[in-house]
Amino acid sequence: MALTGRRLEVDRIATLAALPRECAMVVVGDPGSGRSSVLDAVADRVSLPVVRVGVNGSESRWPLAGVTSLFTALDDPRATAHIAHLLQAGGATSGLAAAHDFLEAVQTLTLPPTVVLIDDLDRMDAESQELIAFLAGRLAGTALRLVATVRTVPSDGPLAALPVLRLEPLTTDESLALARTMAPEGANDGVLAILAEATGGNPGALREQFDAFSTAQLAGTEPLVLPLRPTATTEAIAALTLDAVEGTTDTDTDTDTDTDTDAGRGPDVLVRLALVPVARTTGWDRDAVDDLADAGLVVVRGQTVAVRDPLLRSALYWRTSARTRRTLHRELAAASAETDPRAAAWHRSFVDDVPDVVALLDAAAGYVADGAPHAAVALAERALHVGSGGEDERAALLAVVEALFAQRLLGLAARYLTAMRPFRRAADEVRRLRVLYSVQYLRGETVHADELLVPVDAEAPEAPATAGLLAMVASFRAETWDLDQARDLLARVEQLGPVITPRTAEIAGAVQCLVAALDGSLPADTELYDGLATPRLMAMSDAALLLVAHALSLAERYRSARRVFALVVARGQDTEAVWVEGARYLSAENELRSGNFRQALRAVDAWEAGSALSAQRLREPSRAVAVAWRHFAEGRTHEALEVVDRCLALRSTVLLWGTTARLHALRGRVLLLDGRLDEAVTALEAADAVGRSLRNPTVLRHLGDLIEGYVRLGRVDDARNATARLAADHHARPSRWGALVLARSLALVADDATRETARRRALELFQPHDSQYERARTFAALAAVGTDAERPRLGAAAAAAYEAAGLRRPLAAPAPTAVMPPFGAPTSLRSGPVLSAPVPGSPRSAPDASVVLTQLTAEERAVVQKVTEGYRNREIASSLFMSQRTVELRLTQIYRKVGARSRSHLVALLG
């Protein structure tokens with residue numbers, strides 16, 4: 001299993017092996033933080049010989065047991081003699097003399113450069129810890145790179161002077177990704193998100209909780225008990241945390257006569273705070289709360305306070321007996337009844353004979369709105385645990401789900417939808433279906449909407465709400481290119497015309513715009529919403545605005561779409577997070593479609609920075625497309641393909657076939673531009689097979705890539721057939737993109753008599769406002785099939801156009817085909833091309849990377865390695881233990897030595 005969430009730490013440790021000098025590092029991590037796993041990953045990563053030293057805790061009472069383990073692990077025949085000498089001299093020599101004897105013994109060993117990994121050094125005997133710490137500070141001449149893991153580094157201990165790398169808790173995103181790798185088949189994603197949050201980013205605690213949970217709990221059909229019951233790792237972390245705080249208190253020199261009273265008051269307040277997910281500070285002892293905050297045990301945000309570490313809260317909560325907890329809950333319920341009604345509802349649920357579940361869920365919805373979803377989850381799980389599942393309780397739970405959806409916490413919303421039965425009340429059932437369908441769509445799942453198959457009478461009380469539901473599902477069908485179903489649903493909305501609300505009519509009109517755009521028949525801007533007048537647009541709902549903006553983008557009216565997306569984002573706090581995030585993503589897609597990669601990358605960065613719990617969206621196709629494009633544009637092709645493949649692995653053609661086609665098309669494009677032609681054509685053919693029913697070529701935009709792939713593989717007949725289909729579709733639904741790509745495709749498949757005219761037309765067709773990216777694609781494709789004299793000029797033009805499009809590294813021009821098969825002659829469907837030398841001046845014609853690297857020092861090579869892996873200067877500085885300014889200076893020296901003009905040129909020189 002791949003290590004999750006520790007890439008930077010592994011990189012920093014592995015860097016030691018690349019350095020030309022001996023060095024040491026101490027890796028500090030809590031129990032369960034994955035110290036051993038990090039060392040395993042380092043051992044697999046480095047090229048130097050690796051020596052692993054395990055520690056047997058039962059030997060800690062034997063002096064020098066750890067040192068003997070180290071010598072035994074070192075592969076040197078003299079090690080045995082040194083062990084005997086050290087043990088024999090142990091009683092007679094001590095202190096500095098013994099340390100120097102040990103250092104001299106290590107220096108006399110004839111070792112190649114070796115990485116020594118010591119796991120749990122702090123569990124060794126004290127004498128060995130001191131000797132190894134002494135050695136770690138004086139490694140010169142030993143050929144060793146020493147890395148040791150410990151739980152803590154006391155400020156007065158022997159390891160305090162060594163460089164320290166701390167393993168911080170995993171982020172919520174990383175914890176959720178790890179939980180998915182551990183989870184059994186059928187585990188509810190929302191439950192996994194709750195587990196990731198409640199285990200505080202500790203991999204060991206997360207793994208232990210999986211062992212403690214039942215299958216029904218993991219599937220989401222049974223409620224969870226929060227806080228989680230403590231495991232061995234939880235107890236160990238709590239003990240370390242409390243011991244550290246007590247140690248700080250013991251060294252306090254305050255002579256105030258109230259010190260003893262204050263010291264006793266803090267732990268009591270901490271135990272009481274552990275009984276509630278979050279509390280308002282009103283009514284609590286502020287001095288005690290401030291002391292706990294200073295100690296890092298609680299976090300105060302505005303007028304609320306909560307225990308910082310969920311594992312510490314878990315341990316404190318369950319250490320308290322049930323009788324004591326109930327007594328404290330009763331006291332806190334009475335104390336918070338006026339000042340903190342949400343907390344009072346939580347406390348009362350533990351003492352009332354018949355808990356008020358509706359009040360508990362109302363409080364949960366309030367927590368979501370206030371940005372405290374973890375508290376909302378605790379109350380919702382408690383409500384499921386003590387509730388009866390009545391209609392009113394489910395309606396209150398539905399309000400929590402709607403609040404979670406508005407914040408785009410889709411995994412959590414889906415978790416509580418799973419726990420919710422259908423309603424008998426039609427109005428509530430329509431609300432449930434509306435949020436259910438919305439969550440399914442945004443999570444990239446199929447929206448079956450079987451409930452809508454039943455006809456609705458216009459006289460029925462639920463008819464207006466059902467019409468709104470029909471319009472919403474029509475938008476989902478349109479977004480996934482099921483145009484016939486979208487039209488059918490819109491027709492049903494029209495049949496309910498007399499009873500539909502203005503909002504439903506507005507959504508239906510926007511869906512009609514989207515359907516028209518997908519079909520290539522969207523009216524001119526002047527005919528839409530008073531000429532897209534700002535007052536008219538500002539009066540529309542966020543959902544309708546997004547549909548209209550997306551329609552404009554699909555119709556290649558990028559400037560108009562950009563303005564409408566900006567209107568949604570500009571509404572600020574008046575707009576729910578789900579719509580703001582949708583606007584940011586679709587805005588990034590709009591810039592990608594326009595070929596403005598510079599603006600697109602900024603939009604993707606803003607979208608990712610402003611969205612919550614991005615790991616819950618790792619499987620969503622919208623995020624996969626945007627993040628993959630960013631990786632590719634920044635030169636990280638492997639990461640781009642990894643994102644797309646991970647998303648495709650979870651999909652099939654029955655799951656939103658339109659987005660599946662887009663993922664295949666993106667994968668094919670990335671592979672094509674990376675020169676992997678066979679794989680590219682396979683992916684593009686998959687996209688073509690899935691998306692062939694959509695006859696507007698400007699939507700999927702895969703045919704131009706497929707034609708180029710066919711030509712470069714020598715499959716000319718296939719290329720000509722695809723070009724004929726592109727021409728027919730373009731003439732039926734003309735567009736600017738279609739004209740540019742059709743001209744390029746005709747140039748690629750032209751015969752000898754018309755080839756020069758077709759190529760000249762493909763280049764002359766471009767206007768200044770056209771996509772620089774498509775211009776670059778045309779230059780590069782023509783370079784691949786051009787003559788030896790044409791290739792350098794066309795390759796240079798392609799590189800310049802890529803730079804103008806805003807790509808952060810110039811893409812290599814395609815490897816040229818030396819011999820084009822004659823048109824009209826038989827061609828093999830799978831015949832491969834005969835390649836000549838790469839295009840002069842392109843990155844693929846760069847000198848051998850080994851020649852470039854020999855001009856650099858070891859430190860400069862380490863920087864270059866990080867550059868080629870896609871690291872930015874700040875990340876390079878962090879991983880190599882240097883300042884960002886030092887990285888910039890070294891890059892300047894590297895450019896001068898190898899003749900690179902820029903970062904992208906440096907990567908190109910390295911092939």
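Before anything else I wrote down my burial terms: buried means under 20% relative accessible area, exposed means over 50%, and partly exposed is in between, with a 1.4 Å probe and protein chains only.

I also noted what I am working with. This is a predicted model, where local features need pLDDT of at least 70 and side-chain atom pairs count only at pLDDT 80 or more, while totals for chains, interfaces and linings use all residues. Residues are numbered from 1 along each chain as its sequence is written, and side-chain values use heavy atoms, with hydrogens and water left out.

**Entry: overview**

I looked up the chain as a whole, and 54% of its 911 residues count as buried. The chain has 46 helices and 8 strands; helices (H or I, at least four residues) and strands (E, at least two) are DSSP runs, numbered from the N terminus. For contacts I used heavy atoms within 4.5 Å. Of the contacts in the chain with a separation of 6 or more, 70% are between residues 24 or more positions apart.

**Entry: helix H25**

I went to Tyr529 and Asp530, which are both in helix H25, a helix that covers residues 529–532. Tyr529 is not a glycine, yet its phi is positive, about 50°. Asp530, also a residue other than glycine, has a positive phi near 55°.

A reminder to myself: nonpolar side chains tend to be buried together in soluble globular proteins.

**Entry: Ser128**

Next I found Ser128 in helix H6 (residues 126–136). Ser128 counts as buried because its relative accessibility is 0%. Beyond its neighbours within four places in sequence, Ser128 is in contact with Leu64, Ala65, Gly66 and Val67. The C-alpha atoms of Ser128 and Gly66 are 5.3 Å apart, though 62 residues separate them along the chain. A polar atom of the Ser128 side chain lies 3.0 Å from the backbone nitrogen of Val67.

**Entry: Asn188**

I then looked at the loop between helix H7 (172–182) and helix H8 (189–198), where Asn188 is found. Asn188 is buried, since its relative accessible area is 11%. Its side chain has a polar atom 2.8 Å from the backbone nitrogen of Gly190. Not counting residues up to four places away in sequence, Asn188 touches Leu218, Ala219, Gly220, Ala414, Arg415 and Thr418.

**Entry: a cis peptide**

I checked Pro227, which is in the loop between helix H10 (215–219) and helix H11 (232–250). The peptide bond that joins Leu226 and Pro227 is cis, with omega about -5°.

Notes: Polar contact = N/O pair within 3.5 Å; in protein donor to acceptor, adjacent residues only side chain to side chain.
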